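Subject: Structure for your review

Dear colleague,

I would be grateful if you would look through it before reading my notes.

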Amino acid sequence: MKYVLTLLILVCFQFSSAQVGDVFPLMEGESLLYDTVNIPADLNGKYSLIALAFSKKSEEDLGSWFNPMYNQFLTEPDPNAFFKFEYDMHLYIVPMFTGAKRAAYKSTMKKVQKTVSPEIQPYVLFYKGTLKHYKQSLNFDGNDVPYFYVLDPEGKIVYNTSGKYTRNKMQEIIDALDPSMKK
C-alpha cells in the first residue's frame, strides 16, 4: 500500500509540473492593433509572460492581475526612485475563443478595443481556435482560472501558475523573470 501511494504521488507530481522545461506550444494571436503574433516564434529571444484565459470566470480572475502586471512590467520606472526595476521582456494577455465562443471573436474584440487603454492594447492577443491541443500540452485541469507561463528566450516554460492574483504568485513570476531585468 505504501508503495502504491508513493507511486501515485510521483505520477501526480510529474504530470502537474510536466510543462516546465517544455517549449510553449505554437499559438497565433491577433493584437487589438490587428498585428499577428506567433508565440513563441515572435518573442525574439526575450523572456516572456503569457497569461491565458478560456472562460468568462477565468477572465474575471485575470482582471485581478492587470494592475499588478502593468505596474511591475510595463510602466517606466520613476527616474528618482532609489530602486528601479525595468524589464526587457514581452507580456501577452490572451483571451482564448474556442468552441462555440469563436463566433463572438470579432464583436468581443471590438468591444475590448473601446474599453482597454491604448497603452495596453499591444499586449492583448486574441486567439481563435481549438483548446484541446493547449489543454494537453500545458496540462490544464480546468477552464475557470487563468494560467500564467514564464518563457525563457528559447520559448521554454520556466515557471507557471494559475488563479487569482496573490503577492506570492507575483513574486514567483518576478523571480522567474529576474534574468530579463535591465541591469
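The protein has an average pLDDT of 84, and 85% of the residues score at least 70. Residues 1-18, however, have a pLDDT below 50. Beyond near neighbours in sequence, this stretch makes two contacts in the model. Where pLDDT is low, the predicted coordinates should not be read in detail.

Turning to the backbone, which two residues are joined by a cis peptide bond? They are Ile39 and Pro40, and the omega angle is about 5°. Pro40 is located in the loop that runs between strand S2 (36-39) and strand S3 (47-53).

The loop between S2 and S3 also holds Asn44. Although Asn44 is not a glycine, its phi is positive, near 50°. Is Asn44 buried or exposed? Its relative accessible area is 60%, and Asn44 therefore counts as exposed, the cut-off being over 50%.

Tyr34 likewise is not a glycine and has a positive phi, of about 70°. Tyr34 is found in the loop between strand S1 (27-31) and S2. With a relative accessibility of 46%, Tyr34 is classed as partly exposed, because this class lies between the limits of under 20% for buried and over 50% for exposed.

Yours sincerely,
A colleague

How values were computed. Residues are numbered from 1 along each chain as its sequence is written. This is a predicted model: local features need pLDDT of at least 70, side-chain atom pairs count only at pLDDT 80 or more; totals for chains, interfaces and linings use all residues. Side-chain values use heavy atoms; hydrogens and water are left out. pLDDT is the predictor's confidence in each residue, from 0 to 100. Contact means heavy atoms within 4.5 Å. Helices (H or I, at least four residues) and strands (E, at least two) are DSSP runs, numbered from the N terminus. Buried means under 20% relative accessible area, exposed over 50%, partly exposed in between (1.4 Å probe, protein chains only).
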